[in-house]
Amino acid sequence: MIERAYQIFLEHEESRGLKEATIKRKAREVRRFLNYIKTEGKDLREIKGQELEEYFLLLKEKGFSSSTRLIVRSSLEEFYRLLKKQKMVLTDPFLKAEVVIREKSGVRKVFTQSQIEKLLNSIDAKTGYGQRDRAIFEFLYVTGCRISEVCSLDVEDVDLSSCEVFIRQGKGRKDRFVPLGTVAKLYLDKWVHYGRKWFYGSESKGPLFLNEHGARLSASAIRARLKTYLKKVDLDSQGFSPHSIRHSCATHLLENGAEIRYVQELLGHESLETTVTYTENIVSGLKKLHRMYHPRENELYIEEE
């Protein structure tokens with residue numbers, strides 16, 4: 001099974017006309033992962049999202065750079081999409097995995113409130129793709145959900161009448177409800193009752209967010225769509241990712257006075273300590289404002305990069 005899957009991936013990459021060096025790099029990372037599976041005695045068909053997360057943590061512990069881990073993620077996402085298409089696996093484990101790779105250790109990219117508004121308003125919700133994308137990114141921002149949780153949503157998980165969404169088996173395999181909010185509800189309602197029908201006909205069940213083939217939208221597709229909109233509003237060079245929207249949701253809630261316990265529950269953090277880290281951005285911003293505007297500071301204030 002493992003060797004056959006590897007050969008199918010290799011043949012697929014070669015058929016795409018990629019550079020030989022690119023094919024070798026991707027194949028090497030897939031081979032490394034497959035060797036890991038064999039060593040651990042795991043079945044390729046039974047790999048879960050949590051096991052993928054553990055693998056990427058292992059790579060980080062072994063000192064693999066963030067750029068290398070980004071290549072690994074891209075290669076394995078492509079590998080599993082191919083296996084799913086070939087019906088060699090039943091599910092794509094990346095749909096249940098949250099693999100976040102930061103370019104610089106400890107750096108958490110957060111949109112300002114004006115930046116996130118600019119981004120969301122750049123999405124034209126008059127088309128089917130636009131309705132889907134606006135619903136996705138409005139939902140990400142209002143709920144702070146992980147991208148894997150959004151990809152896993154089904155239509156029946158959304159209760160528009162009560163403005164609630166049921167998150168099944170989030171990180172740590174825990175279920176929770178998140179509030180939808182009025183704006184996100186507006187765009188999600190348009191998508192469910194109008195835009196989604198262009199992709200999936202009148203069927204009212206199944207995956208909530210769909211690709212052009214009527215299949216469940218992948219995490220990599222959402223990342224690609226975000227890059228498109230970031231470029232549109234000249235924010236593509238600042239290192240933002242879908243996870244930045246989650247960070248921004250938490251930070252903006254705390255900036256506007258939300259109780260930290262509420263934010264913990266919304267984000268699905270098991271430990272309050274994880275949520276507390278979001279206050280670091282707020283404290284840093286307060287220090288900057290203090291230097292800018294306090295009468296004992298502003299005469300000496302020098303803008304920091």
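1. Two strands count as paired if DSSP finds at least two bridges between them. Helices (H or I, at least four residues) and strands (E, at least two) are DSSP runs, numbered from the N terminus. With that in hand, strand β2 (residues 164-167) pairs with β3 in the antiparallel sense over four bridges. Val165 is found opposite Val178 in β3.

2. A word on the basis of these notes. This is a predicted model, in which local features need pLDDT of at least 70 and side-chain atom pairs count only at pLDDT 80 or more, while totals for chains, interfaces and linings use all residues. Residues are numbered from 1 along each chain as its sequence is written, and side-chain values use heavy atoms, with hydrogens and water left out.

3. Back to the sheet: it is open, has three strands in the order β1-β2-β3, and its pairing is antiparallel. β1 (158-159) and β3 (176-179) are the edge strands, each pairing on one side only. Between β1 and β2 the antiparallel pairing runs over two bridges, and Val158 stands opposite Val165 in β2. The hairpin of β1 and β2 has four residues between the strands, and in it Cys163 takes a positive phi near 55 degrees.

4. The axes of α1 (residues 2-15) and α2 (residues 20-40) come within 10 Å and cross at roughly 170 degrees; axes here are lines fitted to C-alpha atoms, for helices over the stretch in contact, and angles run from 0 to 180 degrees between N-to-C directions. α1 and α2 are therefore roughly antiparallel to each other (angles under 35 degrees count as roughly parallel, over 145 as roughly antiparallel, 65 to 115 as roughly perpendicular and the rest as oblique). In contact terms (heavy atoms within 4.5 Å), Ile2, Glu3, Tyr6, Phe9, Leu10, Glu13 and Glu14 of α1 meet residues of α2 including Ile23, Val30, Leu34 and Ile37. The residues of this contact divide into nine nonpolar, no polar and six charged, where Ala, Val, Leu, Ile, Met, Phe, Trp, Tyr, Cys and Pro count as nonpolar, Asp, Glu, Lys and Arg as charged, and the others, Gly among them, as polar.

5. α1 also meets α4: their axes come within 10 Å and cross at roughly 105 degrees, so α1 and α4 are roughly perpendicular to each other. Ala5, Tyr6, Ile8, Phe9, His12 and Glu13 of α1 make this contact with Ser75, Glu78, Phe79, Leu82 and Leu83 of α4. The division here is seven nonpolar, two polar and two charged.

6. Helix α6 (residues 128-143) and α9 pack at about 95 degrees, with their axes 11 Å apart, which makes α6 roughly perpendicular to α9. Arg132, Asp133, Ile136 and Phe137 of α6 are in contact with Ile222, Arg225, Leu226 and Tyr229 of α9. Five of these residues are nonpolar, none polar and three charged.

7. The largest cavity has a volume of about 50 Å³, a volume being the space filled by probe spheres set on the points, which are joined across faces, edges and corners. Glu77, Arg81, Asp92, Phe94, Leu95, Ser218, Ala219 and Ser220 line the largest cavity, and α4 (66-85) and α9 (219-232) each supply at least two residues of that lining. Three of the lining residues are nonpolar, two polar and three charged.

Note on methods:
On a 1 Å grid over the protein atoms alone, a cavity is a set of points where a 1.4 Å probe fits but cannot get out, and a pocket is an open set with protein on both sides within 12 Å along at least five of seven lines; lining residues have an atom within 4 Å of a point.
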